[in-house]
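Trainee: I've got a model open on my screen and I'd like to learn how to read it. Could you walk me through some of its features?

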Amino acid sequence: MITELLNNHILSSIFAVVSTIALFQLTAVFQRKLNAIWLQPMLISILAIIAILLWQDISFESYFSSSWLLNALLEPAVVALGFPLYQHLETITKQWKSIILVLLFGAFIAIVSSFVITMLLIGDYSIAVALSLKSVTTPIAIAIAGQLDGNTAITAFAIILAGFFGALVGPPWLRFIKVKSPKAQGLAIGAASHAIGTATVSNISYEHAAYSSLALIVSAVITALLSPFIINFLATLF
Amino acid sequence: MMLVIYGLDSWLLKPPMKANKDTVSVITFKQKTFNVLYSIFAIFSCLALGKLCSYFAPILPGSLYGLIIFTLTLHFRLFNADRIKSSVMWCLKHMGVCFVPAGVGIINHFELIKQFGIAIVAITFVTTFLLLTVVGLHYQRYAVDDE
């Protein structure tokens, strides 16, 4: 029945979008009711949809082209993140130097550690490039990966992984290591888990959203500017 | 389009806004419609400008330029933040669903995952934790120094 439905483009678009949203909202309701953090709506709906696609033998391409509407909303959603940033612009301009310094250091550590560990464990340059860009928001990371001959498919995969790790275990981990200020938490999660992390912590508090979107933008810019130099230098060592 | 439908839906279902000292206490149906359309116009015009920027200076993708432009236009009061606030807050709360189709894309890379999956997951896990820890701890220390 589902396969028949997918043959009609308009119907299948409506079906894919509505069922994705329904799944997402349903999980969100359960998460709130049961108070369970691991019931992350994004993760659960992705897993459920993968299961449905495999079960009904539907190709990813047909699902993806049917759900184009949700994908088209990604860009305006990123723009909307400018609002929390605007609301905290005053505090942010006061701490301009420390924020840049911390994120610069963070981006440097992220690129170097991922690249070196991957070269030692897997020994493949294109995967190493892909993994060293995983903390950056998808559009930027894909662009840089292409530029540096990285594997873009693995980049996209690692970005989602990093996003989920940070979004799911980030807040409890940060609390565990006694990083309790919402600013520091937001900044760390935005730097490590880009838009997925930002979307998740936006629910916790407004300050989280602001600092997370700030870290998302600033570290994306920093990585875009830094990574060609660092990676070209490190590549000569291996 | 989806934003419009969603926006309409959200304020049709919600109880009327609570009275706020700073803003007008009663917001009519017409004003709400206007605010939703106004927010959509604001976001999409910033996105369009951002795309233009990335065409001429391809350092960042259009959506990130759009984000920066959106922040600046709000800061310099080219757009009225009070009108935009409720719709944007609603978008932020529900934006996670937009990432689902891209995430499902993992199923296209089964082969690569079979080969290097565990190593990739382990490296991503470790370095993400490292980054979280470094940024979190350092910022907390600097922030304490600032105040």
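This is a predicted model: local features need pLDDT of at least 70, side-chain atom pairs count only at pLDDT 80 or more; totals for chains, interfaces and linings use all residues.

Trainee: How far does H4(B) reach from its first C-alpha to its last?

Mentor: The idea is to set the span against what 1.5 Å a residue would give. H4(B) reaches 20 Å, close to the 20 Å expected.

Trainee: Where does H4(B) bend?

Mentor: Look at B:Ser87, where H4(B) bends by about 30 degrees. B:Ser87 is also buried, and so are B:Ile84, B:Val88, B:Trp90, B:Cys91 and B:Leu92 in that helix.

Trainee: What about chain B as a whole? How many helices and strands are there?

Mentor: Chain B has six helices and zero strands. Going along the sequence, you read α-α-α-α-α-α. Of its 147 residues, 36% are buried. Taking the contacts in chain B with a separation of 6 or more, 48% join residues 24 or more positions apart.

Trainee: How do I describe two helices that pack together?

Mentor: Two packed helices are described by the angle between their axes and the distance between the axes.

Trainee: Is the crossing of H2(B) and H3(B) left-handed or right-handed?

Mentor: Right-handed. On the H2(B) side, the residues that meet H3(B) include B:Ile43, B:Cys46, B:Leu47 and B:Gly50. On the H3(B) side, B:Tyr65, B:Gly66, B:Ile69 and B:Phe70 are among them.

Trainee: Can we try a pair in chain A too? At what angle do H12(A) and H13(A) cross?

Mentor: Roughly 120 degrees, with axes that come within 8 Å. H12(A) and H13(A) are therefore oblique to each other. Their crossing is left-handed. The contact is made by residues including A:Ile159, A:Phe164, A:Gly166 and A:Leu174 of H12(A), and A:Gln185, A:Ile189, A:His194 and A:Val201 of H13(A).

Trainee: What sits in the loop between those two helices?

Mentor: A:Ile177, for one, lies between helix H12 (152-176) and helix H13 (182-201) of chain A. Leaving out residues up to four places away in sequence, A:Ile177 touches B:Thr133, B:Gly136 and B:Leu137.

Trainee: Is A:Ile177 buried, exposed or partly exposed?

Mentor: For that, you count neighbouring C-beta atoms. A residue is buried with 20 or more others within 10 Å, exposed with 12 or fewer, and partly exposed in between. A:Ile177 has 14, so it is partly exposed. A:Ala48, in helix H3 (residues 41-56) of chain A, has 18 and is partly exposed as well.

Trainee: Which residue in a loop counts as buried?

Mentor: Take A:Val136, in the loop between H10 and H11 of chain A. A:Val136 has 30 C-beta neighbours inside 10 Å, so it counts as buried. Apart from residues up to four places away in sequence, A:Val136 touches A:Ala141, A:His194, A:Ser219, A:Ala220 and A:Thr223. Helix H10 of chain A (residues 125-132) is mostly covered too, with six of its eight residues buried. Those six are A:Ile127, A:Ala128, A:Val129, A:Ala130, A:Leu131 and A:Ser132.

Trainee: How do I see that the chain folds back on itself?

Mentor: Compare the separation in sequence with the distance in space. A:Ala48 and A:Leu23 are 25 residues apart in sequence, and their C-alpha atoms are 8.3 Å apart. Likewise, A:Val136 and A:Ala107 are 29 residues apart along the chain, with 9.3 Å between their C-alpha atoms.

Technical notes: Residues are numbered from 1 along each chain as its sequence is written. Chains are lettered from A and ligands numbered from 1 in the order in which they are written. Helices (H or I, at least four residues) and strands (E, at least two) are DSSP runs, numbered from the N terminus. The expected span of a helix is 1.5 Å times one less than its number of residues. The bend at a residue is the angle between axes fitted to the seven residues ending there and the seven starting there. A crossing is left-handed if the near helix is turned anticlockwise from the far one by less than a right angle, and right-handed if clockwise. Two residues are in contact if their C-beta atoms, placed from the backbone, lie within 7 Å. Axes are lines fitted to C-alpha atoms, for helices over the stretch in contact, and angles run from 0 to 180 degrees between N-to-C directions. Angles under 35 degrees count as roughly parallel, over 145 as roughly antiparallel, 65 to 115 as roughly perpendicular and the rest as oblique.
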